[in-house]
2 protein chains.
Amino acid sequence: MQDHLDDVLATVRPLDPIELNLLDAQGCVLVDDITVPLSLPPFDNSSMDGYAVRVTDVAGASEEFPAVLEVVGDVAAGQTDPIAVGPGQAARIMTGAPLPPGAEAVVPVEWTDGGSGEGPVAGMRARSLAPEGAEGHVQVYRPAEERAHVRAKGSDVRSGDRALAAGTVLGPPQIGLLAAIGRGTVRVRPRPRVVVLSTGSELVQPDEQLAPGQIYDSNSFALTAAARDAGAIAYRVGAVADDAETLRATIEDQLVRADLMVTTGGVSVGAYDVVKEALAHVGDEDEPGGGVDFRKLAMQPGKPQGFGSVGPDHTPLLALPGNPVSSYVSFELFVRPAIRTLMGLPDVHRPTVTASLAADKALTSPKGRRQFLRGSHAGGSVTPVGGSGSHLVAALAQANALIVVPEDTESVEPGTEVEVVLLG
Amino acid sequence: MQDHLDDVLATVRPLDPIELNLLDAQGCVLVDDITVPLSLPPFDNSSMDGYAVRVTDVAGASEEFPAVLEVVGDVAAGQTDPIAVGPGQAARIMTGAPLPPGAEAVVPVEWTDGGSGEGPVAGMRARSLAPEGAEGHVQVYRPAEERAHVRAKGSDVRSGDRALAAGTVLGPPQIGLLAAIGRGTVRVRPRPRVVVLSTGSELVQPDEQLAPGQIYDSNSFALTAAARDAGAIAYRVGAVADDAETLRATIEDQLVRADLMVTTGGVSVGAYDVVKEALAHVGDEDEPGGGVDFRKLAMQPGKPQGFGSVGPDHTPLLALPGNPVSSYVSFELFVRPAIRTLMGLPDVHRPTVTASLAADKALTSPKGRRQFLRGSHAGGSVTPVGGSGSHLVAALAQANALIVVPEDTESVEPGTEVEVVLLG
């Protein structure tokens with residue numbers, strides 16, 4: 001099993017970077033170090049709504065003995081040409097507005113009378129309703145230290161600093177930082193396009209009528225959702241009947257939109273195993289060929305697996321078994337890490353923990369095969385959900401973990417610490 | 001702060017359910033219990049590629065003394081009218097194919113000569129290449145118990161069982177189960193459409209040229225990404241200048257595609273605080289009005305906040321402060337839970353843990369305000385990243401957690417256990 005995973009991860013390479021608009025790059029991995037082109041803030045600015053003053057003018061000010069200053073005007077955020085503040089003067093200033101020439105500090109409006117002449121105020125009145133606030137006089141009730149309530153140019157980042165390192169995954173705060181330094185686009189590894197295709201002549205689309213011997217196609221739905229969950233742009237192709245020519249033609253058609261192809265079914269030892277027939281060397285299904293290698297792995301579920309490449313661009317293809325639980329577990333173990341490798345993500349695997357087995361009786365496991373049982377994990381313990389049958393999709397939908405039973409273990413007693421793969 | 005959150009969550013109601021195609025419902029919450037309409041599997045079927053036999057015909061079979069049976073044909077998956085198996089006969093059968101009439105068990109092909117007459121085989125040859133495999137005779141080397149390698153009808157779920165409970169979040173395995181029981185569409189609460197709008201005359205779009213006094217709009221990018229991350233369909237509106245009429249008109253325009261509106265900036269005590277001016281009662285910014293209530297919360301960052309509803313459908317609106325760190329922290333604390341409430345999700349809050357404070361010196365925090373510092377959390381300890389300044393976007397991009405310092409705490413010594421909100 002580990003060999004197969006190693007082969008997959010050694011073959012799949014991160015996708016070539018592309019330049020994307022910032023919001024299209026969410027969840028993607030940065031390819032280059034990003035250097036800050038301008039200091040943030042780009043200029044000294046006020047951290048409060050208040051008055052820009054000279055320090056000596058408000059030295060010793062108190063409610064009893066306020067400093068009275070002439071208001072020379074407003075400095076609003078975005079104002080490109082602020083007025084100067086001379087001795088005995090103040091400018092009414094808004095949060096984010098540039099500190100005007102001559103001013104040395106900002107006094108919050110709550111420490112002034114806001115020009116009202118009637119003691120401390122809670123805030124300013126809107127400029128549009130009370131234009132007189134930008135003139136007249138203001139009483140200041142507290143002194144201010146030099147640079148008080150001033151955010152210095154470059155106090156966040158400086159021009160030439162590294163904003164983000166190559167390999168960073170772009171979440172909301174990283175996207176915010178890139179915008180803040182003026183980057184509208186960014187070079188990242190794109191999300192891989194994954195085509196999911198199920199095979200089987202017994203498969204019928206949901207909402208249609210089942211004839212005897214038929215079942216509904218569920219793998220293509222579950223795996224398309226799982227591929228999206230892993231970070232991919234996933235395309236679901238309806239189930240393909242067990243006919244090698246149809247399958248080959250369908251794969252060929254789909255290659256144009258695939259960075260990775262995933263098939264389910266048709267990889268075992270039956271006489272109608274169409275994926276193997278279509279993609280392996282004719283005549284000997286144990287020999288690698290057609291670019292796709294079919295193997296039997298020492299695991300349960302998921303013993304038969306195919307991996308290789310198809311088409312002129314050697315698009316990687318993983319051929320998973322057809323039982324729903326087998327295909328889902330195989331996806332988790334092999335396809336998800338492949339998708340995340342294509343994205344260039346630093347951590348491609350699901351987190352694993354150890355947990356105490358909560359069960360009425362010992363779990364049994366086939367000798368020589370690593371078993372992945374479905375489990376419900378909570379608070380340090382894990383309870384098996386459903387049996388080991390690889391057709392038990394109802395139990396799978398109740399599970400949030402896989403319980404790993406090693407190859408050499410045939411029985412696990414309740415209370416034993418077991419390895420658990422946490423899903424979702 | 002808690003009061004404000006309570007008000008938000010008491011006002012925002014889960015969105016009305018809609019019927020969505022299965023893959024469009026990924027990540028959404030199921031509204032009804034889903035009952036299984038047909039048993040799974042719908043018919044007894046083979047769990048292996050092999051031969052369908054009668055138990056008495058293979059009793060005592062061994063490699064030395066094989067049972068030799070007449071092969072009456074193939075039963076492939078999806079075959080709607082399988083042939084019958086009489087005494088002394090076997091049908092070659094594929095995984096998932098219906099157990100044919102007369103057969104009582106399946107013998108895996110690996111326990112037979114596959115019709116070759118040359119001892120045990122690893123698998124069948126493809127039907128298309130070796131049609132003779134469906135006829136002739138087969139040597140069986142092991143006995144089979146009744147129902148061996150047969151998956152019984154209804155052994156996964158039975159008609160009438162509850163497949164999934166109302167309130168279930170639809171992930172890949174749940175989508176797989178719904179497909180398996182034939183559901184092509186499902187009734188869920190849709191993802192909320194969230195319009196994000198930043199305000200400020202100083203704001204310039206990334207990739208454009210900054211004039212003196214201007215900065216780049218980053219809030220609308222960070223919060224649009226954060227809204228998507230929370231599960232919403234988010235629309236980013238470019239920054240709106242500090243003009244009440246323009247803002248009102250923009251909000252009115254956007255209402256048609258909004259289940260929730262989020263603004264940043266313009267909510268404090270300045271004379272150009274346009275959001276407050278446009279949405280609060282004219283003339284008294286401390287009184288609830290225009291549907292939107294503006295408050296000062298005992299928290300840092302994020303003291304000024306607005307919440308209410310706008311437009312004919314009473315669309316909820318959260319007005320966040322404009323400093324980038326303030327708006328992001330406010331989003332995490334108020335908007336994310338609101339989005340998840342609209343989705344009907346069972347758990348609307350980020351997980352919190354306790355962690356040991358790793359710092360060179362004590363953290364200080366203003367008395368009477370709950371402080372949310374940015375931190376880097378790993379392995380049970382948390383390290384503050386950057387200072388408390390609400391303009392420090394570079395540090396925010398290095399954080400993965402918020403360190404919570406309670407209202408009544410003014411100093412936190414290194415090594416103290418602190419509450420930590422885990423981001424992403």
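The model is predicted: local features need pLDDT of at least 70, side-chain atom pairs count only at pLDDT 80 or more, and totals for chains, interfaces and linings use all residues. Residues are numbered from 1 along each chain as its sequence is written, chains are lettered from A and ligands numbered from 1 in the order in which they are written, and side-chain values use heavy atoms, with hydrogens and water left out.

**Domains of chain A**

- Chain A splits into domain 1 (2-11 + 191-342), domain 2 (18-40 + 165-189), domain 3 (45-151) and domain 4 (352-422). These bounds come from an automatic or database domain assignment.
- Between domain 1 of chain A and domain 2 of chain A, the C-alpha centres are 34 Å apart.

**Strand β12 of chain B and its partners**

- Helices (H or I, at least four residues) and strands (E, at least two) are DSSP runs, numbered from the N terminus. Two strands pair if DSSP finds at least two bridges between them.
- Strand β1 (residues 18-21) of chain B runs antiparallel to β12(B), joined by 4 bridges. In this pairing B:Glu19 sits opposite B:Arg187.
- Strand β2 (residues 29-30) of chain B is also antiparallel to β12(B), with 2 bridges. Here B:Val29 faces B:Arg189 as its opposite residue.
- In a regular strand the side chains alternate between the two faces of the sheet.
- Strand β12 (residues 185-189) of chain B has B:Val186 and B:Val188 on its covered face. Its uncovered face carries B:Thr185, B:Arg187 and B:Arg189.

**Strand β6 of chain A and A:Gln89**

- Strand β6 (residues 67-75) of chain A is antiparallel to strand β9 (residues 137-140) of chain A, with 4 bridges. A:Glu70 stands opposite A:His137 in this pair.
- β6(A) also pairs with strand β7 (residues 89-93) of chain A, in the parallel sense, over 4 bridges. There A:Glu70 stands opposite A:Gln89.
- A:Gln89 belongs to strand β7 of chain A. A:Gln89 is buried at 18% relative accessibility. Buried means under 20% relative accessible area, exposed over 50%, partly exposed in between (1.4 Å probe, protein chains only).
- Beyond residues up to four places away in sequence, A:Gln89 touches A:Ala52, A:Val53, A:Asp57, A:Leu69, A:Glu70, A:Val72 and A:Ala84. Contact means heavy atoms within 4.5 Å.
- A:Gln89 and A:Val68 are separated by 21 residues in sequence and by 8.7 Å from C-alpha to C-alpha.

**The second largest cavity**

- Rolling a probe the size of a water molecule over the atoms shows where empty space is left.
- The structure has 3 cavities of 30 Å³ or more. On a 1 Å grid over the protein atoms alone, a cavity is a set of points where a 1.4 Å probe fits but cannot get out; lining residues have an atom within 4 Å of a point.
- The second largest cavity has a volume of about 70 Å³. Grid points are joined across faces, edges and corners, and a volume is the space filled by probe spheres set on the points.
- Residues from both chains line this cavity, among them A:Pro173, A:Gly176 and A:Leu177 from chain A, and B:Ser218, B:Asn219, B:Tyr328 and B:Leu396 from chain B.
- At least two lining residues come from each of α3 (172-180) of chain A and α4 (219-230), α7 (324-342) and α8 (393-396) of chain B.
- The lining has 8 nonpolar residues, 4 polar and no charged. Ala, Val, Leu, Ile, Met, Phe, Trp, Tyr, Cys and Pro count as nonpolar, Asp, Glu, Lys and Arg as charged, and the others, Gly among them, as polar.

**A buried threonine in chain B**

- B:Thr315 is in strand β21 (residues 315-320) of chain B. Its relative accessible area is 7%, so B:Thr315 is buried.
- Apart from neighbours within four places in sequence, the contacts of B:Thr315 include B:Leu255, B:Asp259, B:Met261 and B:Val310.

**Backbone features**

- The A:Gln300 to A:Pro301 peptide bond is cis, with omega about -5°. A:Pro301 lies in the loop between β19 (299-300) and β20 (304-310) of chain A.
- In chain B, a cis peptide bond links B:Gln300 and B:Pro301, with omega near -5°. B:Pro301 is in the loop between β19 (299-300) and β20 (304-310) of chain B.
- A:His314 is not a glycine, yet its phi is positive, near 50°. A:His314 lies in the loop between β20 and β21 (315-320) of chain A, and is exposed at 57% relative accessible area.
- B:Arg147, also not a glycine, has a positive phi of about 70°. B:Arg147 sits in the loop between β9 (137-140) and β10 (150-151) of chain B, and is partly exposed at 35%.

Definitions and conventions
On a 1 Å grid over the protein atoms alone, a cavity is a set of points where a 1.4 Å probe fits but cannot get out, and a pocket is an open set with protein on both sides within 12 Å along at least five of seven lines; lining residues have an atom within 4 Å of a point.
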